[in-house]
Amino acid sequence: MQFSHHVLFDYALARAYFGVGNNGLAGRLSADPDALLFAHPSVDMYLELAWRQGPATFWQLALKLAEAPMPRMAAAAVADVVVRCCRTAEALVPLLDQVIAGAPGAQHLAHALAVAVSLAVKSSTADGLGVWCELTERLSQHSVAAPGALLILVCDLASESLPAPAFAQCGRAARALLAYLWTLPVALRTRLAITAVVHTASSAPQDTADLLHRALQPGQLAERGHNDLFALTQDVPRLLQCLPELVEDLYVDVMSYDEASTEPTQMGSGVVLTLVSTQQQDYSANRYQLIQHFPAVYRADVTRALNILTRLSRAGADTVTEHTGEVAGRVIRVAADDSRLWDLGSYQRRDLVALLDAFQQAVTTTEPAQLEGLLDAVAAAPQAAAVWRRLLKAATDNAALAQHLASPADALVRTFNFPDLLAPLAGLISVVHPALAPDQAGRLEDAVRVLKGTGPAQDAAWPGWAADPYQLLVDALSPAHLVHAELAADQSPAVADSGYSDLAPAAPPAAAPPPSSADRQRCQQLSAQVEQFVDTHQTTAPSDDAMATIEPAVRELFTLAGSQPEPVRHRAELLLAQAAERFTRPAQAPDGPRHLAREVLLSMQAPPQQTVAPDQHFSGLIPDDACGWAATGLLQLSRLPGWYTQEVKDAILSLAKHPEPWVRICVARSAYNLAQTDPDTAWDLLDHFADHESDPMLLNAVLKVACLQLGDPGKGMSLLSRVAARVEPDDAPGSVAASLTEITGYLWVDRAVPQAATVLTDLRARWEVRTVWASLLHTLRESGLLNHNDQAVRARALTLITELAEAALPVLQQAYATPAEQWDSAGRARIKDSARLLDDIALQLCAGSGATGHDGSPATAEQVRLVDEAAPVVDLLQNASVPGVTHHLIQMYAHAFDERPRLALLAVRDVLTAPGAPVVYASDSLALDLCVSLVERVLADHRELLRMPECLTAVRQICDVFVDAGWPRAHQLVFGIEQVFR
């Protein structure tokens with residue numbers, strides 16, 4: 001049968017197919033869930049017809065469609081019809097009753113309805129929002145029943161322009177939800193609820209202020225502030241409009257709270273890419289937000305901004321000394337607070353200093369017309385000296401403010417002549433004095449002259465430092481504009497800034513260095529020439545011409561260096577050793593530079609009567625010592641026929657016992673050179689290091705040379721086994737244990753060394769530290785072994801990976817079956833390590849398949865082959881219940897999708913719906929973007945898959961996962977799929 005229009009077909013299907021049979025629509029969808037994909041318009045019509053039959057009939061059908069095992073998108077179809085057809089809240093009562101009763105299907109339907117309302121609000125297709133505000137308020141009276149749905153409704157409706165009754169309903173719902181969430185453990189969703197409360201604050205300002213003030217109580221600040229406060233601090237501009245009193249308390253309470261906890265916290269809601277912060281860092285972020293918003297507070301309400309600064313500046317003060325004076329025609333009161341110390345870099349309350357800096361910058365840019373209001377506000381109440389310090393500093397960059405304050409200028413000296421304000425007062429005087437009329441300048445100078453003989457006085461807050469008010473202020477007067485010329489005799493010459501201009505005396509001038517001798521000057525000139533040669537050849541071998549050019553300078557410097565004072569001699573010896581090491585790099589070179597190099601290098605010996613300290617490890621900083629370069633150069637020389645003499649051998653053996661670990665590391669790293677002419681001595685050195693050293697970097701060098709560079713893997717594995725027997729794994733980067741697994745795994749996978757397989761088995765039985773095996777996984781992938789041309793190599797690599805996964809997976813499965821409160825700290829660490837190891841495995845497979853950081857180019861044949869061959873590992877990993885693992889596996893299949901469309905689609909479905917798949921994965925936006933884009937690729941480029949029943953089902957199941965998670969984008973995608981079948 002054919003129809004002249006799609007609508008006729010949709011209607012016929014709704015009446016003649018979904019409207020008949022056992023249980024009607026519910027029965028049809030239960031038997032054929034995929035029908036929702038291509039027959040959504042018919043399902044929509046059927047539900048509209050049911051709506052017209054009354055709430056009781058409709059909600060009876062709707063609740064059937066929302067229950068398992070119905071496809072989750074069936075509830076989305078119901079919600080779409082309800083949003084389009086509902087006009088009164090009474091029609092929603094049957095659903096609300098079931099939600100309150102705790103029916104799972106009703107709760108799921110409420111969540112789908114909230115998402116549908118959100119979509120309608122954002123697309124401006126909702127026909128009036130009053131009904132949904134009423135539903136939100138009713139639902140908020142039972143927040144425990146459906147908090148997720150309530151949060152979606154509150155957040156979306158609160159940001160809309162609503163009629164007053166609806167706005168009030170939304171506000172009450174937001175406050176009820178927040179009060180409920182505060183009874184639950186700390187979670188990021190609380191921030192969303194706080195934002196909704198702030199957005200609806202104008203509907204009930206007092207109730208909102210009372211509720212939000214709870215967030216500032218000491219107990220709640222300590223428990224939840226690191227999470228909750230961000231929603232308040234980022235919304236300061238909005239709070240200023242409706243809750244200005246709360247803003248003042250927010251600044252004072254947050255800026256004065258000292259959070260010491262370094263407990264980890266999660267940044268954002270992501271479960272795939274989890275970023276970690278600490279409670280202390282989160283509080284710092286809140287204070288940073290407040291500092292950034294402070295200029296807006298100043299512009300909106302200068303009096304409140306001043307109150308904030310003064311309260312913070314005087315916090316914790318036992319007694320307060322007030323100074324009274326007159327400035328700009330106003331009587332002012334200044335509270336001393338020792339703020340002259342705050343501008344020191346060592347002052348610990350840097351956030352308060354930053355807030356004062358923001359205030360100063362805002363005052364600097366204040367327009368002249370607003371200055372009278374600023375000065376009136378400052379004079380209206382006692383202000384902390386910190387406030388006046390910043391006002392005086394700002395006046396030096398704001399001419400209009402300086403003019404106001406200097407009317408009259410002599411009053412400045414009488415009012416601000418106390419320690420906290422002396423330095424900024426001097427700065428302001430230096431600006432205003434040149435511009436004053438002679439009579440005003442004379443009065444200012446007279447006020448300064450009165451101070452002569454009153455200082456210096458010891459500063460009680462900073463013992464040992466003295467301030468001389470007269471000297472500080474007389475120095476600020478412009479010599480060219482003095483009315484009383486005799487003051488010039490009291491002015492100090494220019495001196496270096498002490499860094500503490502408020503109190504510190506001038507620093508004495510530095511003594512000039514003694515003159516250099518002719519030999520020292522020549523030595524320094526030669527050192528500069530050699531240094532240029534050394535820098536030019538940091539990583540390359542010098543040419544014959546370059547060596548011939550620098551050889552005379554090196555020879556002369558070698559002659560002069562020994563007679564120079566220690567600093568000059570030490571630098572010269574270091575440069576000589578570096579230049580000589582460069583001379584030994586080329587395999588072919590003139591004899592002259594080599595003879596000179598050997599002479600120089602042999603002169604660099606270990607300090608006498610010093611023994612190796614076994615527990616002394618390399619610090620990570622290469623020492624300023626010539627012996628390390630000497631060791632490298634002598635070992636490079638030893639590979640050259642005719643240049644390896646007994647004297648060179650003795651020097652190498654001596655340097656191998658040098659007390660500085662870096663020198664011994666240089667010996668170990670270059671031992672492969674010695675093996676070309678004297679393999680026995682090379683092995684003796686490496687065996688000695690392996691049996692007696694504990695420095696990680698040294699042992700790593702020994703393992704690399706012995707196992708990978710000397711051409712005898714069997715002997716190297718014997719050495720490695722001895723090291724492995726006395727080493728324990730740790731999480732330190734570059735650990736010996738990590739090197740052991742990397743080298744052993746490489747030798748087994750790439751070269752099939754039998755001893756390596758035995759050692760690997762032993763190490764897996766002994767070590768569970770995740771970082772050790774993560775290093776091995778990285779090496780397998782970076783070395784190209786996962787994509788190797790030899791099938792046997794690939795098989796060994798994947799077998800090893802599978803064995804690691806098989807060992808880690810049961811740890812997680814056992815943990816999931818055990819209540820979390822029964823895990824001890826060691827158990828938690830083991831679970832965490834196992835989860836991260838499985839994530840590392842998935843990441844390396846993903847990277848090996850070309851899915852990470854790829855440039856959009858199609859997968860290569862080798863990458864697709866890896867995807868095919870990794871299927872057994874994927875079967876294990878998809879049950880790990882680790883979001884990162886799931887994401888990496890889906891990335892891998894998405895990259896190979898165009899080459900393996902059917903396999904990739906079914907594999908992604910299996911990964912998402914596996915019994916051990918992590919439920920929280922679908923809540924991550926990265927997961928949504930990846931999986932929805934995959935479905936969109938099916939619809940755009942691979943529609944032939946939809947003709948295969950198993951692939952059509954896979955598409956529905958993938959969409960169901962994200963519809964169930966409440967993603968609006970997934971809802972929109974599902975409702976558009978039916979267009980493909982038109």
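This is a chat about some local features of a predicted model.

Visitor: Hi! Where does helix α18 run, and what span should its 12 residues have?
Guide: Helix α18 covers residues 302-313, and at 1.5 Å a residue it should span 16 Å. Its end C-alpha atoms are 16 Å apart, which agrees.

Visitor: Is α18 mostly covered or mostly open?
Guide: Mostly covered, as nine of its 12 residues are buried. Those buried residues are V302, R304, A305, L306, I308, L309, T310, L312 and S313.

Visitor: And what do the buried residues of α18 pack against?
Guide: They pack against several helices, namely α16 (244-255), α17 (279-300), α19 (350-364), α20 (371-379) and α21 (385-395), and also against strand β5 (383-384).

Visitor: Let's switch to strands. How many bridges join β3 to β4, and do the strands run parallel or antiparallel?
Guide: There are six bridges, and the strands run antiparallel. Strand β3 takes in residues 322-327, while β4 takes in residues 330-335.

Visitor: Which residue in β4 stands opposite H323?
Guide: H323 stands opposite V334.

Visitor: What do β3 and β4 form, and how many residues sit between them?
Guide: They form a hairpin, with two residues between the strands. A328 is in the turn, and its phi is positive, about 55°, although A328 is not a glycine.

Visitor: Is A328 buried or exposed?
Guide: A328 has a relative accessible area of 16%, so it counts as buried, the cut-off being under 20%.

Visitor: What about A752, what is its phi?
Guide: A752 also has a positive phi of about 55°, and it is not a glycine either. This alanine lies in the loop between α38 (736-751) and α39 (754-766). With a relative accessible area of 31%, A752 is partly exposed.

Visitor: New topic. Which residues make the nonpolar surface patch?
Guide: M267, L273, L275 and L926 make it, and the patch is about 380 Å². L273 lies in the loop between β1 (264-267) and β2 (275-278).

Visitor: How exposed is L273?
Guide: L273 has a relative accessible area of 58%, so it counts as exposed.

Visitor: Is D235 buried or exposed?
Guide: D235 counts as buried, at 11% relative accessibility. Its place is the loop between α14 (218-233) and α15 (236-242).

Visitor: What does D235 contact, leaving aside neighbours within four places in sequence?
Guide: With those set aside, D235 is in contact with T195, V198 and H199.

Key. Residues are numbered from 1 along each chain as its sequence is written. This is a predicted model: local features need pLDDT of at least 70, side-chain atom pairs count only at pLDDT 80 or more; totals for chains, interfaces and linings use all residues. Side-chain values use heavy atoms; hydrogens and water are left out. Patches are made of residues with over 30% relative accessible area and no salt bridge: like charges are joined within 9 Å, nonpolar side chains (Val, Leu, Ile, Met, Phe, Trp, Tyr) within 5 Å. Accessible areas come from the Shrake-Rupley method with a 1.4 Å probe; for residues, only the protein chains shown count as cover. A salt bridge is a side-chain nitrogen of Lys or Arg within 4 Å of a carboxyl oxygen of Asp or Glu. Helices (H or I, at least four residues) and strands (E, at least two) are DSSP runs, numbered from the N terminus. Buried means under 20% relative accessible area, exposed over 50%, partly exposed in between (1.4 Å probe, protein chains only). The expected span of a helix is 1.5 Å times one less than its number of residues. Contact means heavy atoms within 4.5 Å. Two strands pair if DSSP finds at least two bridges between them.
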